[in-house]
Protein chains: 2
Amino acid sequence: MGHTHPTVADASDITIGPIRGSHKAWVGTTGPAGEPLRVPVRRIELTNGEHLDVYDTSGPYTSYTTAAEVHDLAVGLPRLREDWSRPHAVPADPAQPSSPRVRTQLAWARNGVTTPEMAFIAAREGLSVDVLRAEVAAGRAVIPANHRHPEAEPMVIGKKFAVKVNANIGNSVVRSSIAEEVEKMVWATRWGADTIMDLSTGRDIHLTREWILRNSPVPLGTVPIYQALEKVDGDPTALTWEIYRDTVIEQAEQGVDYMTVHAGVLLRYVPLAARRVTGIVSRGGSIMAAWCLAHHTESFLYTHFAELCDILAAYDITFSLGDGLRPGSIADANDEAQLAELRTLGELTRIAKGRGVQVMIEGPGHVPMHKIVENVRLEEEWCDEAPFYTLGPLATDIAPGYDHITSAIGAAMIAQAGTAMLCYVTPKEHLGLPDRDDVKVGVITYKIAAHSADLAKAHPGAQLRDDALSRARFEFRWQDQFNLGLDPDTAVAFHDETLPAEPAKNA
Amino acid sequence: MGHTHPTVADASDITIGPIRGSHKAWVGTTGPAGEPLRVPVRRIELTNGEHLDVYDTSGPYTSYTTAAEVHDLAVGLPRLREDWSRPHAVPADPAQPSSPRVRTQLAWARNGVTTPEMAFIAAREGLSVDVLRAEVAAGRAVIPANHRHPEAEPMVIGKKFAVKVNANIGNSVVRSSIAEEVEKMVWATRWGADTIMDLSTGRDIHLTREWILRNSPVPLGTVPIYQALEKVDGDPTALTWEIYRDTVIEQAEQGVDYMTVHAGVLLRYVPLAARRVTGIVSRGGSIMAAWCLAHHTESFLYTHFAELCDILAAYDITFSLGDGLRPGSIADANDEAQLAELRTLGELTRIAKGRGVQVMIEGPGHVPMHKIVENVRLEEEWCDEAPFYTLGPLATDIAPGYDHITSAIGAAMIAQAGTAMLCYVTPKEHLGLPDRDDVKVGVITYKIAAHSADLAKAHPGAQLRDDALSRARFEFRWQDQFNLGLDPDTAVAFHDETLPAEPAKNA
């Protein structure tokens with residue numbers, strides 16, 4: 001692994017053990033070469049003898065029962081995908097004879113090659129591998145899986161599949177232990193985060209990221225410009241393509257699965273944000289806007305985009321094309337700045353896909369309900385249906401302290417309209433840094449939004465959980481009602497507050 | 001008042017004083033006879049010298065600064081509407097010469113009479129009184145204002161107006177003081193509840209209701225069948241029309257502004273609920289279904305409906321036609337039982353309006369997102385666009401402990417589609433009785449849903465608050481950002497957790 005350990009890994013800092021009323025189980029399937037694959041599920045055992053398997057993002061942590069069982073955090077999780085066959089390089093676009101030969105899920109899918117990752121995911125989603133491969137080939141779905149992150153359990157982001165949730169985590173202000181940083185990821189994935197974005201800053205970000213990657217059962221995303229900025233002591237005007245490129249390669253080597261790149265913030269779009277109520281609120285957008293203005297030159301992310309594509313293709317890293325000009329308020333939603341950038345993201349999508357790189361598109365932000373669907377419609381039209389990945393959006397600005405809720409409304413609606421992944425928002429949004437409870441509330445709230453959209457889109461099997469819980473409720477099987485919920489601990493605690501006696505729960 | 005006081009009213013139990021950063025103010029307008037009317041607003045003072053007035057439901061409680069200023073709770077609030085002119089009786093339906101002469105806002109509106117209530121509300125909503133009167137005349141809006149509840153500040157429920165929020169309260173298990181019961185109403189209206197439903201049960205409900213009514217600045221709703229059931233010791237089969245009628249008259253005399261009546265649960269609909277996942281979940285629906293089955297007779301609420309209309313007309317009480325067969329789970333949404341009842345509510349709406357009684361229609365419940373809009377469409381089509389008043393709906397069943405959120409998603413969407421009032425859901429839904437914090441979270445969550453819909457419907461002036469807050473956010477006017485929010489106290493607390501120093505907030 002090649003990194004030093006500033007402190008000893010202490011597994012007692014890691015949350016382990018199953019969620020109440022359930023246990024980890026595995027469902028068998030086979031890979032393209034007939035190899036056996038084990039897909040994790042969370043099995044909820046019911047008091048009537050039935051059980052329900054639900055999608056599980058928690059990795060081995062929920063199967064450990066004592067700290068002694070926890071793997072060595074300094075070594076990392078078992079490298080699940082290391083033994084899987086990896087097909088040969090194929091033309092990025094078989095319709096274009098001159099296209100480069102690459103080893104990405106997009107290129108394989110386009111060339112009709114089924115990968116072990118595809119087989120694993122098809123079983124995980126309960127859909128046929130043919131549908132999955134077709135969606136990836138069309139660029140309507142992505143499988144963020146860096147060759148150098150073999151610890152992760154493959155998953156798909158696309159509108160035909162279960163809506164996914166991303167949780168952001170950041171490093172601690174003071175230098176902390178490996179277990180403390182890993183625990184943030186473990187905590188978020190325990191409650192259902194499908195991917196994690198590491199937004200750490202400061203001197204230790206390389207090491208923090210290494211710890212998280214080696215121990216993460218889910219794909220990890222980053223915003224490389226943040227680390228590049230650290231390398232120039234926080235002065236955006238001192239950034240160069242070379243510094244940025246080297247940072248991307250550094251992170252690619254570590255195993256980052258998807259990267260946010262704000263390559264659509266063009267010099268000519270920056271003035272469009274001047275008339276806004278809230279200007280540019282994206283950190284990456286602000287950095288690139290400052291660079292463009294200072295140099296009065298087109299963004300190096302845009303001018304070097306093809307070169308960047310080839311780096312990402314070499315690892316099969318997925319682009320998350322950032323919306324640096326996303327609206328930061330209801331007033332700015334769907335404005336000229338936002339939509340100009342979105343058109344450019346479409347142009348970049350075609351370049352990336354032509355080089356075999358998987359792409360998703362980031363979206364807003366703050367949007368009133370009547371303007372939400374238009375975001376999806378334009379994204380699909382302009383960006384060739386690349387998976388949409390939105391931050392909320394918040395449906396109103398007037399509730400600081402409750403922005404998990406203002407944004408869950410927007411998130412559910414935008415997911416129903418076709419958004420494939422939702423970046424969570426916590427109650428601390430706009431006010432401060434989320435603590436452990438905030439992260440949990442944020443993830444659960446976004447699982448609600450995502451699942452509500454799955455129901456509305458009739459995702460196969462989604463309603464089984466609602467039906468099982470409602471049947472338990474109607475039959476007064478209280479334990480089953482608690483355990484079938486997204487957060488059994490809270491349900492039990494709320495119930496016990498008013499009716500503490502055990503007989504009441506079994507009544 | 002005619003009731004005894006089991007304990008002395010202690011004003012120190014009542015939450016008083018303005019919400020952080022604001023103070024009560026009044027905006028002048030004039031009634032139809034030129035009489036001056038004062039419309040309450042909450043004035044938020046900003047650090048840049050500007051201010052923003054927002055809709056205020058809190059009555060005088062937010063203008064008191066010490067317990068000594070609080071009015072005598074045993075006497076009640078000043079009788080605001082007592083001195084207002086009340087027009088003469090007019091034909092319930094001027095197009096039908098044989099229709100009874102009544103004194104209701106519906107009949108006056110149909111006869112072109114503007115009431116002081118209409119003038120007050122038009123100023124409160126920022127819309128012309130002509131629009132308001134036309135909406136009331138068409139039955140698309142209601143003004144729940146019992147002649148015998150003069151303490152309440154008039155408000156309107158209708159899809160052309162700001163979406164309203166109802167909060168349910170219940171009495172304490174042990175006999176409590178007047179101040180304790182009044183405080184529940186004061187607390188909910190402080191955070192923005194537009195109406196209160198008193199769902200109290202037990203021996204003291206008459207007295208509890210009297211306390212609340214005399215001290216409530218907002219309309220009060222009840223479900224009279226609950227009290228009727230107390231009178232027959234909880235045996236639904238022992239209910240009779242006479243017992244029910246006398247209960248309605250008792251509550252009407254006290255000043256109840258709107259009443260939930262489950263008159264659409266017909267004998268022939270009860271078997272439709274047998275195939276459901278969650279049967280009949282409405283308490284009123286269950287009571288009436290039990291009665292119908294036991295007697296194998298049509299519901300007395302249905303067979304005596306015209307008589308009931310005439311009682312309500314005499315006081316100008318508004319019907320809230322209950323959805324006793326509402327779905328209690330995603331699986332049961334929009335099913336035959338629900339829709340059969342809705343058609344009957346339409347028939348009852350026409351009977352009530354023909355007798356001059358204002359009507360709103362209650363709606364679900366639990367509905368997946370893709371089936372929400374159909375609820376509004378059918379309600380408008382079958383019930384002549386009577387204002388729709390829904391409980392959520394919950395967009396998924398899988399999150400007990402978070403049903404304020406599962407339902408806020410559905411509530412925002414159904415309000416955008418035209419629902420006029422939302423009945424709140426607290427985090428304790430399905431699990432236990434809400435405490436004070438739950439009530440606040442429930443109200444704030446529903447204000448978010450209602451305001452999001454106001455934005456989406458372009459309600460005049462709704463976006464001013466979002467814009468003011470976002471401008472404050474962009475300009476780092478932290479105090480203004482906190483104070484413009486729905487819950488300044490929570491915003492400040494969250495901010496202080498991570499950045500405790502005062503300079504940071506002014507940065």
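## Close-ups of the A–B pair

**View 1. The rule picks out 2 salt bridges across the interface of chain B and chain A.** A salt bridge here is a side-chain nitrogen of Lys or Arg within 4 Å of a carboxyl oxygen of Asp or Glu. Keep in mind that this is a predicted model: local features need pLDDT of at least 70, side-chain atom pairs count only at pLDDT 80 or more, and totals for chains, interfaces and linings use all residues. Residues are numbered from 1 along each chain as its sequence is written, chains are lettered from A and ligands numbered from 1 in the order in which they are written, and side-chain values use heavy atoms, with hydrogens and water left out. A:Glu497 forms a salt bridge with B:Lys428, and their closest N and O atoms are 2.7 Å apart. Between chain B and chain A, 14 residue pairs are in polar contact, both residues at pLDDT 80 or more. (That's a pair of N or O atoms within 3.5 Å; within protein, one must be able to donate a hydrogen and the other to accept it, and residues adjacent in sequence count only if both atoms are side-chain atoms.)

**View 2. Here is the side of chain B that touches chain A, which has H14(B) as its biggest contributor, with 10 residues.** Helices (H or I, at least four residues) and strands (E, at least two) are DSSP runs, numbered from the N terminus. By class, this side of chain B has 32 nonpolar, 22 polar and 12 charged residues. Ala, Val, Leu, Ile, Met, Phe, Trp, Tyr, Cys and Pro count as nonpolar, Asp, Glu, Lys and Arg as charged, and the others, Gly among them, as polar.

**View 3. Chain B and chain A bury about 5400 Å² between them, with 69% of it on carbon and sulfur atoms.** Buried area is the accessible area (1.4 Å probe) that two parts lose on being put together, summed over both. B:Ile398, B:Tyr402 and B:Leu431 supply 14% of what chain B buries against chain A, more than any other three residues. The contact (heavy atoms within 4.5 Å) takes 66 residues from chain B and 67 residues from chain A.

**View 4. In chain B, 3 strands make an open, antiparallel sheet in the order E1-E2-E3.** Two strands pair if DSSP finds at least two bridges between them. E1 (22–30) and E3 (51–55) of chain B are the edge strands, each with a single partner, so one side of each has no neighbour in the sheet. From one strand to the next the twist averages 45°; axes are lines fitted to C-alpha atoms, for helices over the stretch in contact, and angles run from 0 to 180 degrees between N-to-C directions. Helix H2 (residues 116–125) of chain B packs on the sheet, touching E1, E2 and E3 of chain B, and its direction makes about 20° with that of E2(B).

**View 5. E2(B) and E3(B) form a hairpin with 5 residues between them.** In the turn, B:Gly49 has a positive phi of about 90°. The two antiparallel strands are joined by 5 bridges, and B:Val41 stands opposite B:Tyr55 in E3(B).

**View 6. Chain A has a barrel of 8 parallel strands, closing in the order E8-E9-E10-E11-E12-E13-E14-E15.** Neighbouring strands are turned by 25° against each other on average, direction ignored. A cis peptide bond joins A:Pro364 and A:Gly365, with omega about 0°, and A:Gly365 lies in the loop between E13 and helix H12 (372–382) of chain A.
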